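Please keep the sequence and the coordinates at hand while reading.

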Amino acid sequence: MIRRRLWLLAPFILFGPAELAPALDGSPSAALPAAQEWVDEASCQSCHAEQTTDWLNSHHQLAMQPATEETVLGNFDQQSLTSDAETSRFFRRDGGFWINTPGADGKPADYQVAYTFGLEPLQQYLLQLTDGSLQSHGAAWDVPEQRWFHLYDGEAVDHQHRLHWSGAQQNADFMCVECHTTGFQRDYDPVANTYSSQWQAEGVGCQSCHGPASGHLQWAESENKAATAKGFEANLMGTVSEPETCARCHSRRMPLDNGYSHGNQLLDDYLPVILSADLYEVDGKIRDEVFEYGSFQQSRMHAAGVVCSDCHNPHSAELRAPANAVCTQCHNPTGKATRAGIDASGLQAKNYDHPSHHHHAVGSQGSQCVSCHMPGKLYMTNDRRHDHSFTSPNPQQARQLEHSDACLGCHQQAEDQIVAVFGQWYADAQPRDGGYARDLHAVRQGGKGAAQALTRQLERTDLADIRRATLLSELPNYPSAAAQRAVVEALSSSSPQVRHTAAGLLGSLVAPNQQISLLTSLLDDPVRAVRLEAAWQLLQLAAESNVEPQVLRQLISEYEQSQRSMLERAETQLNLAGIYQLTGRLAEVEPALRQALRQDPTFHPARIMLAQWQEQAAGDPAAGMSLLREGTEQYPQDPSLQHAYGLALVRQGEYGQALRALQRAHELAPEQAEYGYVLAVALHGNGQVDAALELLRSQVQAQPTNRRARQALISYLRSAGNQVEADSLLTELAAQNPGDPLLRQSGL
């Protein structure tokens, strides 16, 4: 039986770049039949004139527009742009806007711009292919600077790269259009491999947030006005529903189906990411492109009941008040919140807009609230996004924990002085996160007391759900009876995000028989993401738990249905191949994997699984080996292919070649613990004991929480007669996690 993990769709929303038809057949929105629940957006304007005025010409209204003389901001007068990998030329023809650029085959061709995407500070352009799909080109127009630039310049993005405009990662039908239109429906035909996506209207309109308005029109015309949602499917005025409504687009998340249903919880339709180290800093501030929801969800503002529309006009997307005035709605000398629904118990009556608080000249950049409490970062080259976790500067902690800081960011040449001055200005300043950043840093560094720090935070009752889910995700590095209890208890959390995370961790901390019982009960969870995660985990257990294929099929039917709603994705085809394998539909495994590679040749997990399938299930190891060898030749910089090729060579007894491939994988991705560990085991098995020990030492030093590397190093050291160093490693582990089962096995 091939052991593998199913893939969830990558949670990227890329507003970037594929092959356009030479001419367009008309707007998909014009062809959309008026569904009964949708109404013409103009129907809203007669009763909601003020909101309509705010909305007109807003970024929401103009989020996506047909390419015309009025909407296209870029210079298409025979301009050109050369990145490190390709050259594109922008020109006009037959009244349209065109880009001559390399397509999926690497050959330059002319493609007509179908739609503009965004307004400012950059505008992108969607090209429509002959298969009906919309693709986002990698070139963008810098509106303030009036110049062309490439979103991925310097990253060698050519037609073989995953981020090329012609590839699946730049398919706007799946990645982008949903958040730039109203009533979007992705319509993919898996038989013809074509798109005919439709929408009610371009741009983000009234019904994007409020939902289809036919019931509201009936409510407005009736004499009975008792309905709390005024004829809509959901009331957006609630403190939970409004942020979740905005989060459908203003978060980094993975879709669970084809679009969303108004009135659903967020996790019924999407899976938001947690605060992983690659996406967020240790204190919760944004690192990668994650949008606003994740940072806001962990903020004290969110905990107090503040919602998006308290600061932003939801129709114009502008601030409620200029500059600091939006903050001093609540943070002012009265100490009173701007509305009754906000918990004002944490507010202090103080003039925050005075130099006595911010210590900068009035009107200067340093006197602005956002400069210190919402530091911004540039994404997509020139798009500055402000952090919404509303942290307070703390330069001393920032240096200790190696996270960014507003003070140090502005005064980079005088760090020591800034730390000293900050201590004078705010002598009593203490982190207001309950020690979260310090403890999470200790957990990720694997230092002394790391497990206790993790437990200490998880025992808090005032912890934001997204932070609790993040801390739970660290538990597999610190296995113990306490960790097991924590993850089982989290299955009963009121937060679906916490329950979802806990379900995914059971396999690392709980015995298989107990897992099956706990996961099966979650198949009836009220929130879809939790049910799907439980089904996903049951799939992983199937090979070892002797679950009958037909019974398993019934248990995971919702998961399979979810996958079938996204058949255009290579990730989905890989997941389906795993489902077919584990539920006895073996004849369907290979076709699904080959379809995945047709849809995205750069999705290497499908190539790897296909090679394993050919070797182990189809009994054709030569074919599997050939597939992997071709992959390493075509994509020599991909470490996963090198690693898989090395393992296949080991199974064939070609140890010399295998070592070279495994070494190459480790060189390409030294941060990947799996590659380093496997290489060390291979070196040791090949008699290169010193090399294996040195590699494992470096692994443990770089990743102190890497238990498998530590365990292998201890074992190899003992075999080599070096008991002193082995005991030292166990002592470090005891200081890190005194409840680790490895200590009991070693007699400590």
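**From backbone to domain contacts**

Asn193 lies in the loop that connects β11 (188-189) to β12 (194-195). The model is a predicted one, and in it the phi of Asn193 is near 55 degrees, a positive value in a residue that is not glycine. Most residues other than glycine have a negative phi, and most peptide bonds are trans. Pro121 belongs to the loop between β5 (108-117) and β6 (122-128).

Charged side chains come next. Side chains of opposite charge can pair when their charged atoms come close. Over the whole structure, a search finds 33 salt bridges. One of these joins Glu69 to Arg92, with the closest N and O atoms 2.5 Å apart. The two partners are 23 residues apart and link distant parts of the chain: Glu69 sits in the loop between β1 (64-66) and β2 (79-82), whereas Arg92 is part of strand β3 (residues 87-93).

At the level of domains, the assignment gives domain 1 (64-208), domain 2 (241-344 + 351-401), domain 3 (567-669) and domain 4 (673-747). How far apart are the C-alpha centres of domain 3 and domain 4? The distance between these centres is 29 Å. Contact between the two domains involves 11 residues of domain 3 and 11 residues of domain 4. The size of an interface is often given as the accessible area lost when the parts come together. For domain 3 and domain 4, the buried area is about 850 Å², and carbon and sulfur atoms give 77% of it. On the domain 3 side, His643, Leu659 and His666 lose the most area to domain 4, together accounting for 60% of what that side buries. The number of salt bridges between domain 3 and domain 4 is 0.

The last topic is a pair of helices. Two packed helices are described by the angle between their axes and the distance between the axes. For helix α31 (residues 689-702) and helix α32 (residues 707-719), the angle is about 145 degrees and the axes are 9 Å apart. Their crossing is left-handed. From α31, Leu693, Leu696, Arg697, Gln699 and Val700 take part, meeting Ala709, Arg710, Ala712, Leu713, Tyr716 and Leu717 of α32. Sorted by class, this contact comprises 8 nonpolar, 1 polar and 2 charged residues.

Key. Residues are numbered from 1 along each chain as its sequence is written. This is a predicted model: local features need pLDDT of at least 70, side-chain atom pairs count only at pLDDT 80 or more; totals for chains, interfaces and linings use all residues. Side-chain values use heavy atoms; hydrogens and water are left out. Axes are lines fitted to C-alpha atoms, for helices over the stretch in contact, and angles run from 0 to 180 degrees between N-to-C directions. Helices (H or I, at least four residues) and strands (E, at least two) are DSSP runs, numbered from the N terminus. A crossing is left-handed if the near helix is turned anticlockwise from the far one by less than a right angle, and right-handed if clockwise. Contact means heavy atoms within 4.5 Å. Ala, Val, Leu, Ile, Met, Phe, Trp, Tyr, Cys and Pro count as nonpolar, Asp, Glu, Lys and Arg as charged, and the others, Gly among them, as polar. Domain bounds come from an automatic or database domain assignment. Buried area is the accessible area (1.4 Å probe) that two parts lose on being put together, summed over both. A salt bridge is a side-chain nitrogen of Lys or Arg within 4 Å of a carboxyl oxygen of Asp or Glu.
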